Amino acid sequence: MISDELRNQTTRFTKEIQTLLNSTIGRYVQIKAVAIELGDDRLFALGHLLDKRTMTAQRFQLKPRAPKAELWMDVSFQLRLDMEREHLMVHKSFVGVFGTQQAKQGLFHYDYERDKADGYPDAHLQVYGVSDLFHTLNDPKTDAGRSQAQLHFPVGGRRFRPCLEDVIEFLVVERLVEARDNYRLVLDSGRERFRRNQLMAAMRRDPAAVATFVERHGLPSPSA
């Protein structure tokens, strides 16, 4: 059964993601969480209007700055507890931007797959584009027809990968979408929370590094 701790932490995370999107570039985004039982593993899948039967999330529409343009965003997560069954952990995530609700190709997408089994980096970026140089570099014996969108650009690994706030900021500062007033305050707050959580996770996994830091620099004073 899904533990109460996993359910409670997932509920908080779901509200955070929904608030983040609706306070920046989204309109009427409804993030739903659905429990998944995979043998002894217990997860929650999250996404906009997530379908319980297909376990797929729907894309939601953004407001492009360009007139008559269409832009859709796809955001989904799989969450579980860490090995100590105490802290919420992202098992998989996907953030992509597309020109239509059903398009197979779009602008880009960020993927994170913990312990990815095919040799590609766990956290990576794939960009839909065309490069004559890339096609020239492809080995005709093994990679003929491979597109630039199939390249997996590493983006910080398990701990220091980009967060959803980074993707939203990119879309806004590059003048691709309209954003709500004070969107930056929302992004800064969410990004600080994400980075602190990642730092705490890194510290839990490397207590020797924490001990070395304390030995060299001491503990901070309560007023610091």
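**The aromatic cluster**

Modeller: At 24% relative accessibility, Y110 is partly exposed. Keep in mind that this is a predicted model. Y110 belongs to one aromatic cluster, together with F108 and F170.

Take the pairs in turn. The structure holds four aromatic pairs. One of them joins F108 and Y110: the ring centres are 5.8 Å apart and the planes stand at 85 degrees. Edge-to-face pairs need planes over 60 degrees apart, so F108 and Y110 count as edge-to-face at 85 degrees.

F108 also pairs with F170. Here the centres lie 5.5 Å apart and the planes meet at 80 degrees, so this pair is edge-to-face too. F108 sits in strand β6, residues 106-113, whereas F170 sits in helix α4, residues 164-173. The pair therefore ties together parts that are 62 residues apart in sequence.

Now burial. F108 has 5% relative accessibility, so F108 counts as buried; the cut-off is under 20%. F170 is partly exposed, with a relative accessible area of 35%. Y110, at 24%, is partly exposed as well. F108 thus takes part in the pair with Y110 and in the pair with F170, and F108 is buried.

Two charges over other rings deserve a mention. The charged end of R161 sits over the ring of Y112, 4.0 Å from the ring centre. R59 lies over the face of F98, and the distance to that ring centre is 3.7 Å.

Key: Residues numbered from 1 in each chain as written. Predicted model: local features only at pLDDT ≥ 70, side-chain atom pairs only at ≥ 80, totals over all residues. Heavy atoms only, no water. Phe/Tyr/Trp six-rings, centres within 6.5 Å; stacked < 30°, edge-to-face > 60°. Buried < 20%, exposed > 50% of the residue type's maximum accessible area, 1.4 Å probe, protein only. Helix = DSSP H or I, 4+ residues; strand = E, 2+ residues; numbered from the N terminus. Lys NZ or Arg CZ within 6 Å of the ring centre and 35° of its normal.
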